[in-house]
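Follow along in the structure below.

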Amino acid sequence: MTTTLIRNAAWLVAWDAAAGGHVYRRNADIAFRDDRIVFVGPHFAEPAERVIDGGGVMVMPGLIDLHSHPEHEPAYRGIREEHGLRGMHMTGLYERSQAFSADDEAARSACAEFAYCELLRSGVTSLVDISPPWDGWIDLFARSGLRGFLAPGFASARWRLANDHTLAYDWDEAAGRQRFAAALALIDEAARHASGRLSGIVSPMQIDTCTAELLRDARDAARERGIPYTVHVSQSVVEVEEMLRRHGKTPLAWADEIGILGPGTILGHALFLDTHSWVRWWTRDDLRLLGDSGTAVAHCPTPFARYGQIMENFGDYLHAGVTMGIGTDCAPHNLVEEMRKAAVLARIAARDIHSVSTADLFHAATVGGATALGRDDLGRLAPGMKADLVLVDLSCPQMQPARDPLRSFVYHAADRAVRDVFIDGRQAVAGGRVLTLDQEDAALRLAEAQRRIEAAVPRRDYLGRTAAEIAPLSLPIADDDAR
Ligand SMILES: [Zn+2]
(Lines give C-alpha, C1' and ligand atoms only; values in the text may rest on other atoms or scores of the structure.)
Protein backbone atom coordinates (compact mmCIF):
# COMPACT_ATOMS: atom_id res chain seq x y z
CA MET A 1 0.00 0.00 0.00
CA THR A 2 1.24 3.48 -0.87
CA THR A 3 0.16 6.59 1.01
CA THR A 4 0.42 10.05 -0.55
CA LEU A 5 -0.01 13.17 1.58
CA ILE A 6 -0.65 16.68 0.28
CA ARG A 7 0.36 18.72 3.30
CA ASN A 8 -1.07 22.05 4.25
CA ALA A 9 -2.98 22.85 1.06
CA ALA A 10 -3.60 26.60 0.90
CA TRP A 11 -7.13 25.86 -0.32
CA LEU A 12 -9.01 22.58 -0.50
CA VAL A 13 -12.47 21.98 -1.94
CA ALA A 14 -13.81 19.40 0.51
CA TRP A 15 -17.11 17.53 0.57
CA ASP A 16 -19.45 18.37 3.45
CA ALA A 17 -21.73 15.33 3.50
CA ALA A 18 -24.07 16.79 6.13
CA ALA A 19 -24.63 19.94 4.07
CA GLY A 20 -24.66 18.02 0.77
CA GLY A 21 -22.22 20.47 -0.83
CA HIS A 22 -18.60 21.44 -1.37
CA VAL A 23 -16.89 23.76 1.14
CA TYR A 24 -13.56 25.55 1.11
CA ARG A 25 -11.01 24.43 3.69
CA ARG A 26 -7.85 26.41 4.43
CA ASN A 27 -4.39 24.98 5.26
CA ALA A 28 -5.72 21.42 5.29
CA ASP A 29 -4.06 18.04 4.68
CA ILE A 30 -5.43 15.42 2.32
CA ALA A 31 -4.06 11.88 2.20
CA PHE A 32 -4.86 8.95 -0.05
CA ARG A 33 -3.82 5.32 0.17
CA ASP A 34 -3.75 3.48 -3.16
CA ASP A 35 -7.03 4.45 -4.89
CA ARG A 36 -8.93 5.87 -1.88
CA ILE A 37 -8.89 9.10 0.11
CA VAL A 38 -8.18 8.29 3.77
CA PHE A 39 -7.98 11.73 5.37
CA VAL A 40 -9.12 15.33 4.90
CA GLY A 41 -8.47 17.71 7.79
CA PRO A 42 -6.03 19.82 9.76
CA HIS A 43 -3.19 17.35 10.44
CA PHE A 44 -2.49 13.86 9.08
CA ALA A 45 -0.32 12.13 11.69
CA GLU A 46 0.46 8.84 9.92
CA PRO A 47 3.53 8.09 7.79
CA ALA A 48 3.34 8.67 4.03
CA GLU A 49 5.64 7.42 1.25
CA ARG A 50 5.17 10.62 -0.74
CA VAL A 51 4.60 14.10 0.66
CA ILE A 52 3.63 17.02 -1.58
CA ASP A 53 3.79 20.59 -0.28
CA GLY A 54 0.31 22.10 -0.64
CA GLY A 55 1.42 25.65 0.08
CA GLY A 56 0.88 26.99 -3.44
CA VAL A 57 -2.13 24.98 -4.55
CA MET A 58 -5.87 24.54 -4.42
CA VAL A 59 -6.78 20.84 -4.23
CA MET A 60 -10.13 20.07 -5.83
CA PRO A 61 -12.02 16.95 -6.90
CA GLY A 62 -11.33 15.82 -10.46
CA LEU A 63 -13.93 16.96 -12.99
CA ILE A 64 -16.46 14.59 -14.56
CA ASP A 65 -17.09 15.01 -18.29
CA LEU A 66 -20.55 13.55 -18.90
CA HIS A 67 -20.57 13.65 -22.72
CA SER A 68 -17.83 13.59 -25.36
CA HIS A 69 -16.86 12.19 -28.78
CA PRO A 70 -13.05 12.04 -28.65
CA GLU A 71 -12.65 9.72 -31.64
CA HIS A 72 -13.56 12.36 -34.24
CA GLU A 73 -14.19 15.85 -32.84
CA PRO A 74 -10.52 16.94 -32.68
CA ALA A 75 -10.35 16.51 -36.49
CA TYR A 76 -12.98 19.26 -36.84
CA ARG A 77 -10.73 21.98 -35.44
CA GLY A 78 -10.67 24.80 -37.99
CA ILE A 79 -13.72 23.33 -39.78
CA ARG A 80 -16.58 23.18 -37.34
CA GLU A 81 -16.44 26.54 -35.54
CA GLU A 82 -18.33 28.43 -38.27
CA HIS A 83 -20.03 25.61 -40.15
CA GLY A 84 -23.83 25.40 -40.09
CA LEU A 85 -26.89 25.50 -42.34
CA ARG A 86 -29.50 28.22 -42.10
CA GLY A 87 -31.99 25.87 -43.81
CA MET A 88 -31.54 23.41 -40.92
CA HIS A 89 -32.04 25.99 -38.17
CA MET A 90 -28.29 26.62 -38.13
CA THR A 91 -27.08 23.15 -37.21
CA GLY A 92 -24.20 21.76 -39.27
CA LEU A 93 -24.34 18.36 -37.59
CA TYR A 94 -25.97 16.45 -40.44
CA GLU A 95 -24.04 17.94 -43.35
CA ARG A 96 -20.72 17.71 -41.50
CA SER A 97 -21.09 14.14 -40.28
CA GLN A 98 -21.89 13.06 -43.84
CA ALA A 99 -19.10 14.96 -45.60
CA PHE A 100 -16.30 14.92 -43.01
CA SER A 101 -15.80 11.50 -41.52
CA ALA A 102 -12.82 10.04 -39.68
CA ASP A 103 -13.60 6.40 -40.17
CA ASP A 104 -10.12 4.86 -40.28
CA GLU A 105 -8.57 3.50 -37.10
CA ALA A 106 -5.43 5.66 -37.39
CA ALA A 107 -7.57 8.81 -37.46
CA ARG A 108 -9.62 7.59 -34.52
CA SER A 109 -6.63 6.80 -32.33
CA ALA A 110 -4.96 10.15 -33.17
CA CYS A 111 -8.16 12.06 -32.36
CA ALA A 112 -8.79 10.16 -29.14
CA GLU A 113 -5.22 10.44 -27.83
CA PHE A 114 -5.21 14.17 -28.56
CA ALA A 115 -8.58 14.70 -26.85
CA TYR A 116 -7.68 12.60 -23.79
CA CYS A 117 -4.60 14.83 -23.32
CA GLU A 118 -6.70 18.01 -23.55
CA LEU A 119 -9.15 16.58 -21.05
CA LEU A 120 -6.48 15.56 -18.55
CA ARG A 121 -4.85 18.99 -18.83
CA SER A 122 -8.15 20.69 -18.00
CA GLY A 123 -8.59 18.62 -14.84
CA VAL A 124 -10.97 15.92 -16.08
CA THR A 125 -10.57 12.60 -14.28
CA SER A 126 -13.78 10.78 -15.35
CA LEU A 127 -14.89 10.70 -18.98
CA VAL A 128 -18.03 9.50 -20.76
CA ASP A 129 -16.69 8.63 -24.24
CA ILE A 130 -19.50 8.12 -26.80
CA SER A 131 -17.90 6.64 -29.93
CA PRO A 132 -18.49 3.93 -32.50
CA PRO A 133 -16.52 0.87 -31.32
CA TRP A 134 -12.99 0.92 -32.76
CA ASP A 135 -9.92 -1.33 -32.46
CA GLY A 136 -7.56 -0.15 -29.76
CA TRP A 137 -10.15 1.99 -27.93
CA ILE A 138 -10.01 0.06 -24.65
CA ASP A 139 -6.20 -0.19 -24.67
CA LEU A 140 -5.68 3.52 -25.37
CA PHE A 141 -8.27 4.54 -22.80
CA ALA A 142 -6.70 2.31 -20.15
CA ARG A 143 -3.25 3.76 -20.95
CA SER A 144 -4.54 7.34 -20.56
CA GLY A 145 -5.09 6.82 -16.84
CA LEU A 146 -8.55 8.39 -17.08
CA ARG A 147 -11.55 6.82 -15.39
CA GLY A 148 -13.53 5.62 -18.36
CA PHE A 149 -17.23 5.25 -19.04
CA LEU A 150 -17.13 3.79 -22.54
CA ALA A 151 -20.34 4.33 -24.49
CA PRO A 152 -20.14 2.45 -27.81
CA GLY A 153 -22.82 3.90 -30.06
CA PHE A 154 -25.38 2.10 -32.24
CA ALA A 155 -28.57 3.05 -34.12
CA SER A 156 -31.31 1.69 -36.38
CA ALA A 157 -30.84 4.41 -39.01
CA ARG A 158 -28.26 6.72 -40.53
CA TRP A 159 -28.86 10.34 -41.43
CA ARG A 160 -28.64 11.30 -45.10
CA LEU A 161 -28.79 14.68 -46.77
CA ALA A 162 -29.84 15.20 -50.37
CA ASN A 163 -30.13 18.97 -50.03
CA ASP A 164 -29.43 21.69 -47.48
CA HIS A 165 -32.84 21.66 -45.77
CA THR A 166 -34.20 18.09 -45.59
CA LEU A 167 -32.93 15.35 -43.30
CA ALA A 168 -33.58 11.81 -44.56
CA TYR A 169 -33.15 8.51 -42.70
CA ASP A 170 -31.79 5.20 -44.07
CA TRP A 171 -33.31 2.54 -41.79
CA ASP A 172 -31.68 -0.86 -41.24
CA GLU A 173 -32.87 -2.40 -37.98
CA ALA A 174 -30.91 -5.64 -38.49
CA ALA A 175 -27.64 -3.71 -38.80
CA GLY A 176 -28.59 -1.67 -35.75
CA ARG A 177 -29.19 -4.86 -33.77
CA GLN A 178 -25.77 -6.18 -34.81
CA ARG A 179 -24.11 -2.97 -33.65
CA PHE A 180 -26.11 -3.14 -30.39
CA ALA A 181 -24.73 -6.65 -29.74
CA ALA A 182 -21.19 -5.49 -30.56
CA ALA A 183 -21.61 -2.55 -28.19
CA LEU A 184 -22.69 -4.82 -25.33
CA ALA A 185 -19.70 -7.09 -25.98
CA LEU A 186 -17.36 -4.09 -25.79
CA ILE A 187 -19.05 -2.84 -22.59
CA ASP A 188 -18.60 -6.23 -20.97
CA GLU A 189 -14.96 -6.36 -22.09
CA ALA A 190 -14.28 -2.88 -20.62
CA ALA A 191 -15.84 -3.90 -17.30
CA ARG A 192 -13.43 -6.86 -17.10
CA HIS A 193 -10.34 -4.70 -17.74
CA ALA A 194 -7.57 -5.26 -15.20
CA SER A 195 -7.21 -1.53 -14.43
CA GLY A 196 -10.60 -1.51 -12.70
CA ARG A 197 -11.07 2.05 -14.01
CA LEU A 198 -13.22 1.16 -17.01
CA SER A 199 -16.92 0.52 -17.26
CA GLY A 200 -19.64 0.97 -19.85
CA ILE A 201 -22.74 2.92 -20.73
CA VAL A 202 -25.43 1.62 -23.08
CA SER A 203 -25.66 4.24 -25.81
CA PRO A 204 -28.28 4.21 -28.56
CA MET A 205 -27.04 7.22 -30.49
CA GLN A 206 -30.04 9.49 -31.11
CA ILE A 207 -33.75 9.48 -30.31
CA ASP A 208 -34.56 10.04 -34.02
CA THR A 209 -32.27 7.27 -35.39
CA CYS A 210 -33.47 4.41 -33.16
CA THR A 211 -36.73 2.48 -33.11
CA ALA A 212 -38.74 2.42 -29.87
CA GLU A 213 -37.96 -1.30 -29.58
CA LEU A 214 -34.20 -0.74 -29.82
CA LEU A 215 -34.34 2.15 -27.34
CA ARG A 216 -36.30 0.01 -24.84
CA ASP A 217 -34.13 -3.09 -25.27
CA ALA A 218 -31.03 -0.94 -24.77
CA ARG A 219 -32.55 0.49 -21.59
CA ASP A 220 -33.21 -3.06 -20.34
CA ALA A 221 -29.63 -4.09 -21.11
CA ALA A 222 -28.36 -1.15 -19.05
CA ARG A 223 -30.65 -2.04 -16.14
CA GLU A 224 -29.54 -5.70 -16.22
CA ARG A 225 -25.93 -4.62 -15.95
CA GLY A 226 -26.59 -1.87 -13.40
CA ILE A 227 -24.93 0.71 -15.65
CA PRO A 228 -26.15 4.04 -17.08
CA TYR A 229 -27.91 4.67 -20.38
CA THR A 230 -27.34 7.67 -22.62
CA VAL A 231 -28.95 8.99 -25.80
CA HIS A 232 -28.98 12.32 -27.67
CA VAL A 233 -32.39 13.97 -27.27
CA SER A 234 -33.66 17.43 -28.28
CA GLN A 235 -30.33 18.42 -29.82
CA SER A 236 -31.65 20.27 -32.89
CA VAL A 237 -34.80 21.97 -34.13
CA VAL A 238 -34.67 19.57 -37.12
CA GLU A 239 -34.91 16.61 -34.73
CA VAL A 240 -37.81 18.20 -32.82
CA GLU A 241 -39.71 18.82 -36.08
CA GLU A 242 -39.07 15.22 -37.20
CA MET A 243 -40.43 13.80 -33.93
CA LEU A 244 -43.47 16.10 -34.04
CA ARG A 245 -44.11 14.85 -37.58
CA ARG A 246 -43.74 11.18 -36.60
CA HIS A 247 -45.51 11.16 -33.23
CA GLY A 248 -47.19 14.53 -32.67
CA LYS A 249 -44.99 14.76 -29.60
CA THR A 250 -41.75 16.45 -28.64
CA PRO A 251 -38.72 14.14 -28.37
CA LEU A 252 -38.94 14.41 -24.56
CA ALA A 253 -42.65 13.53 -24.46
CA TRP A 254 -42.05 10.54 -26.74
CA ALA A 255 -39.06 9.40 -24.64
CA ASP A 256 -41.38 9.51 -21.63
CA GLU A 257 -44.10 7.59 -23.48
CA ILE A 258 -41.77 4.73 -24.45
CA GLY A 259 -40.39 4.53 -20.92
CA ILE A 260 -36.74 5.45 -21.26
CA LEU A 261 -36.61 8.38 -18.81
CA GLY A 262 -35.68 7.97 -15.15
CA PRO A 263 -32.67 7.52 -12.86
CA GLY A 264 -29.75 6.04 -14.81
CA THR A 265 -30.72 7.81 -18.03
CA ILE A 266 -28.45 10.63 -19.21
CA LEU A 267 -29.78 12.74 -22.07
CA GLY A 268 -27.24 14.38 -24.34
CA HIS A 269 -28.23 18.04 -24.54
CA ALA A 270 -32.06 18.10 -23.98
CA LEU A 271 -31.76 21.72 -25.06
CA PHE A 272 -34.71 22.28 -27.42
CA LEU A 273 -37.56 21.71 -24.97
CA ASP A 274 -41.19 22.59 -25.77
CA THR A 275 -40.71 25.96 -24.04
CA HIS A 276 -37.53 26.87 -25.95
CA SER A 277 -37.84 30.08 -27.99
CA TRP A 278 -36.69 28.27 -31.15
CA VAL A 279 -39.44 25.60 -30.69
CA ARG A 280 -42.45 27.12 -28.90
CA TRP A 281 -44.55 23.95 -29.03
CA TRP A 282 -47.91 24.29 -27.25
CA THR A 283 -47.17 21.94 -24.33
CA ARG A 284 -45.31 23.04 -21.19
CA ASP A 285 -44.27 19.60 -19.97
CA ASP A 286 -40.71 18.81 -21.06
CA LEU A 287 -38.80 20.35 -18.14
CA ARG A 288 -41.21 18.84 -15.59
CA LEU A 289 -40.82 15.40 -17.23
CA LEU A 290 -37.04 15.64 -16.81
CA GLY A 291 -37.16 16.76 -13.18
CA ASP A 292 -39.96 14.47 -11.98
CA SER A 293 -38.48 11.36 -13.63
CA GLY A 294 -34.99 11.76 -12.14
CA THR A 295 -33.40 11.94 -15.59
CA ALA A 296 -29.96 13.54 -15.94
CA VAL A 297 -28.87 15.99 -18.63
CA ALA A 298 -25.35 16.37 -20.02
CA HIS A 299 -25.09 20.05 -20.91
CA CYS A 300 -22.49 21.02 -23.53
CA PRO A 301 -22.83 24.74 -24.32
CA THR A 302 -20.12 25.24 -26.96
CA PRO A 303 -21.49 23.53 -30.10
CA PHE A 304 -24.85 25.24 -29.68
CA ALA A 305 -23.45 28.65 -28.82
CA ARG A 306 -21.46 28.55 -32.07
CA TYR A 307 -24.75 28.08 -33.98
CA GLY A 308 -26.30 30.99 -32.05
CA GLN A 309 -28.30 28.77 -29.65
CA ILE A 310 -28.40 28.55 -25.85
CA MET A 311 -30.11 26.45 -23.19
CA GLU A 312 -33.11 28.32 -21.70
CA ASN A 313 -31.89 28.07 -19.05
CA PHE A 314 -29.53 26.07 -16.85
CA GLY A 315 -30.94 27.64 -13.65
CA ASP A 316 -34.49 26.61 -14.49
CA TYR A 317 -33.35 23.01 -15.06
CA LEU A 318 -31.73 23.00 -11.60
CA HIS A 319 -34.84 24.45 -9.99
CA ALA A 320 -36.96 21.78 -11.70
CA GLY A 321 -34.83 19.15 -9.94
CA VAL A 322 -32.97 17.92 -13.03
CA THR A 323 -29.60 16.25 -12.35
CA MET A 324 -27.28 18.45 -14.39
CA GLY A 325 -23.80 17.47 -15.57
CA ILE A 326 -21.38 19.13 -17.99
CA GLY A 327 -19.77 17.71 -21.12
CA THR A 328 -17.50 18.60 -24.03
CA ASP A 329 -19.36 17.69 -27.21
CA CYS A 330 -16.65 19.16 -29.45
CA ALA A 331 -13.13 20.57 -29.43
CA PRO A 332 -11.64 22.10 -27.40
CA HIS A 333 -12.05 19.34 -24.84
CA ASN A 334 -11.90 21.81 -22.00
CA LEU A 335 -14.50 21.24 -19.31
CA VAL A 336 -13.60 24.41 -17.43
CA GLU A 337 -14.43 26.54 -20.47
CA GLU A 338 -17.75 24.69 -20.70
CA MET A 339 -18.48 25.57 -17.06
CA ARG A 340 -17.73 29.22 -17.75
CA LYS A 341 -19.91 29.29 -20.87
CA ALA A 342 -22.74 27.48 -19.09
CA ALA A 343 -22.73 30.12 -16.34
CA VAL A 344 -22.60 33.14 -18.63
CA LEU A 345 -25.12 31.81 -21.17
CA ALA A 346 -27.57 30.82 -18.40
CA ARG A 347 -27.53 34.43 -17.20
CA ILE A 348 -28.05 35.75 -20.71
CA ALA A 349 -31.02 33.40 -21.18
CA ALA A 350 -32.49 34.25 -17.77
CA ARG A 351 -31.52 37.96 -17.84
CA ASP A 352 -30.55 37.33 -14.24
CA ILE A 353 -27.04 37.23 -12.74
CA HIS A 354 -28.36 35.08 -9.90
CA SER A 355 -29.81 32.35 -12.15
CA VAL A 356 -26.70 30.20 -11.54
CA SER A 357 -23.56 30.48 -9.42
CA THR A 358 -19.99 29.21 -9.65
CA ALA A 359 -20.94 26.74 -6.92
CA ASP A 360 -23.84 25.45 -9.07
CA LEU A 361 -21.57 24.88 -12.06
CA PHE A 362 -18.81 23.26 -9.99
CA HIS A 363 -21.39 20.98 -8.38
CA ALA A 364 -22.66 19.97 -11.85
CA ALA A 365 -19.12 19.25 -13.10
CA THR A 366 -18.38 17.02 -10.10
CA VAL A 367 -21.28 15.71 -8.01
CA GLY A 368 -23.88 16.19 -10.76
CA GLY A 369 -21.89 14.00 -13.14
CA ALA A 370 -21.23 11.44 -10.41
CA THR A 371 -24.94 11.23 -9.55
CA ALA A 372 -25.85 10.81 -13.21
CA LEU A 373 -23.37 7.92 -13.41
CA GLY A 374 -24.69 6.34 -10.21
CA ARG A 375 -21.31 6.83 -8.50
CA ASP A 376 -21.44 8.37 -5.02
CA ASP A 377 -17.69 7.71 -4.59
CA LEU A 378 -16.68 10.23 -7.29
CA GLY A 379 -16.59 14.04 -7.50
CA ARG A 380 -16.02 14.58 -3.78
CA LEU A 381 -12.96 14.96 -1.54
CA ALA A 382 -13.75 13.06 1.66
CA PRO A 383 -12.49 9.87 3.34
CA GLY A 384 -13.66 6.76 1.47
CA MET A 385 -13.98 8.50 -1.89
CA LYS A 386 -11.90 7.59 -4.94
CA ALA A 387 -8.58 9.47 -5.06
CA ASP A 388 -9.43 11.48 -8.20
CA LEU A 389 -8.07 14.96 -7.56
CA VAL A 390 -6.51 18.00 -9.18
CA LEU A 391 -3.87 20.40 -7.88
CA VAL A 392 -4.46 23.92 -9.19
CA ASP A 393 -1.40 26.20 -9.23
CA LEU A 394 -2.23 29.40 -7.34
CA SER A 395 0.91 31.09 -8.69
CA CYS A 396 -0.45 30.97 -12.26
CA PRO A 397 -0.87 34.68 -13.21
CA GLN A 398 -4.52 34.19 -14.20
CA MET A 399 -5.22 32.79 -10.71
CA GLN A 400 -3.93 36.00 -9.07
CA PRO A 401 -5.11 37.38 -6.75
CA ALA A 402 -6.58 34.09 -5.54
CA ARG A 403 -9.18 35.65 -3.27
CA ASP A 404 -11.75 33.12 -4.49
CA PRO A 405 -9.72 30.40 -6.25
CA LEU A 406 -12.69 28.64 -7.88
CA ARG A 407 -13.76 31.92 -9.52
CA SER A 408 -10.16 32.54 -10.60
CA PHE A 409 -10.05 29.03 -12.05
CA VAL A 410 -13.43 29.00 -13.82
CA TYR A 411 -13.54 32.59 -15.13
CA HIS A 412 -9.84 33.28 -15.72
CA ALA A 413 -7.18 30.59 -15.64
CA ALA A 414 -8.91 27.32 -16.63
CA ASP A 415 -6.47 24.64 -17.90
CA ARG A 416 -3.49 27.01 -17.62
CA ALA A 417 -3.53 26.54 -13.83
CA VAL A 418 -3.91 22.73 -13.77
CA ARG A 419 -0.60 21.46 -12.35
CA ASP A 420 -1.08 17.86 -11.23
CA VAL A 421 -3.84 15.31 -11.74
CA PHE A 422 -4.32 12.05 -9.83
CA ILE A 423 -6.81 9.34 -10.80
CA ASP A 424 -7.32 6.27 -8.61
CA GLY A 425 -4.34 7.64 -6.66
CA ARG A 426 -2.05 7.45 -9.72
CA GLN A 427 -0.53 10.60 -11.17
CA ALA A 428 -1.50 11.25 -14.82
CA VAL A 429 -0.43 14.92 -15.13
CA ALA A 430 2.64 16.52 -13.51
CA GLY A 431 3.57 20.18 -13.90
CA GLY A 432 0.92 20.53 -16.62
CA ARG A 433 2.39 17.68 -18.70
CA VAL A 434 0.50 14.48 -19.45
CA LEU A 435 2.57 11.53 -18.22
CA THR A 436 0.54 8.75 -19.80
CA LEU A 437 0.12 9.80 -23.45
CA ASP A 438 2.01 11.79 -26.11
CA GLN A 439 0.03 14.83 -27.27
CA GLU A 440 2.76 16.13 -29.61
CA ASP A 441 2.92 12.86 -31.50
CA ALA A 442 -0.89 12.64 -31.54
CA ALA A 443 -1.02 16.17 -33.00
CA LEU A 444 1.14 15.13 -35.97
CA ARG A 445 -1.06 12.11 -36.66
CA LEU A 446 -4.18 14.24 -36.17
CA ALA A 447 -3.05 16.72 -38.85
CA GLU A 448 -2.49 13.85 -41.28
CA ALA A 449 -5.90 12.42 -40.43
CA GLN A 450 -7.55 15.77 -41.09
CA ARG A 451 -5.89 15.93 -44.52
CA ARG A 452 -7.26 12.45 -45.34
CA ILE A 453 -10.72 13.45 -44.17
CA GLU A 454 -10.69 16.63 -46.27
CA ALA A 455 -9.48 14.73 -49.34
CA ALA A 456 -12.50 12.39 -49.09
CA VAL A 457 -15.08 15.17 -48.76
CA PRO A 458 -16.01 15.51 -52.48
CA ARG A 459 -16.89 11.78 -52.57
CA ARG A 460 -19.10 12.03 -49.48
CA ASP A 461 -20.80 15.42 -49.83
CA TYR A 462 -24.30 15.46 -51.41
CA LEU A 463 -23.18 18.24 -53.79
CA GLY A 464 -19.71 16.84 -54.40
CA ARG A 465 -18.10 19.97 -52.98
CA THR A 466 -14.59 20.26 -51.59
CA ALA A 467 -13.82 20.84 -47.91
CA ALA A 468 -12.74 24.38 -48.79
CA GLU A 469 -16.10 25.06 -50.45
CA ILE A 470 -18.09 23.77 -47.45
CA ALA A 471 -15.87 25.32 -44.78
CA PRO A 472 -13.69 28.09 -46.25
CA LEU A 473 -10.78 29.44 -44.22
CA SER A 474 -11.55 32.50 -42.12
CA LEU A 475 -9.29 34.61 -44.36
CA PRO A 476 -8.39 34.05 -48.02
CA ILE A 477 -4.79 32.99 -48.68
CA ALA A 478 -2.96 35.76 -50.59
CA ASP A 479 -2.53 34.97 -54.29
CA ASP A 480 1.30 35.04 -54.09
CA ASP A 481 1.32 32.27 -51.45
CA ALA A 482 -1.34 30.12 -53.05
CA ARG A 483 0.69 29.77 -56.28
ZN1 LIG B 1 -22.92 14.37 -28.58
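## Strand S1

Strand S1 (residues 3-16) has eleven of its 14 residues buried, so the rest of the structure largely encloses it. Buried means under 20% relative accessible area, exposed over 50%, and partly exposed in between (1.4 Å probe, protein chains only). Strands (E, at least two residues) and helices (H or I, at least four) are DSSP runs, numbered from the N terminus.

This is a predicted model: local features need pLDDT of at least 70, side-chain atom pairs count only at pLDDT 80 or more, and totals for chains, interfaces and linings use all residues. Residues are numbered from 1 along each chain as its sequence is written, and side-chain values use heavy atoms, with hydrogens and water left out.

## Pairing partners

Two strands pair if DSSP finds at least two bridges between them. S1 and strand S2 (residues 21-33) run antiparallel, joined by eleven bridges. Four residues lie between the strands of this hairpin, and Gly20 takes a positive phi near 70 degrees.

S1 runs parallel to strand S4 (residues 50-53), with four bridges. There, Leu5 has Val51 as its bridge partner. Strand S5 (residues 57-61) is also parallel to S1, through two bridges.

Trp11 has a bridge partner in S2, Arg26. In S5, the bridge partner of Trp11 is Met58.

## Arg108

Arg108 sits in helix H2 (residues 105-121). Is Arg108 buried or exposed? Its relative accessible area is 12%, so Arg108 is buried.

Which residues does Arg108 touch, leaving aside those up to four places away in sequence? They are Glu71, Ala102, Asp103, Pro132 and Trp134. Contact means heavy atoms within 4.5 Å.
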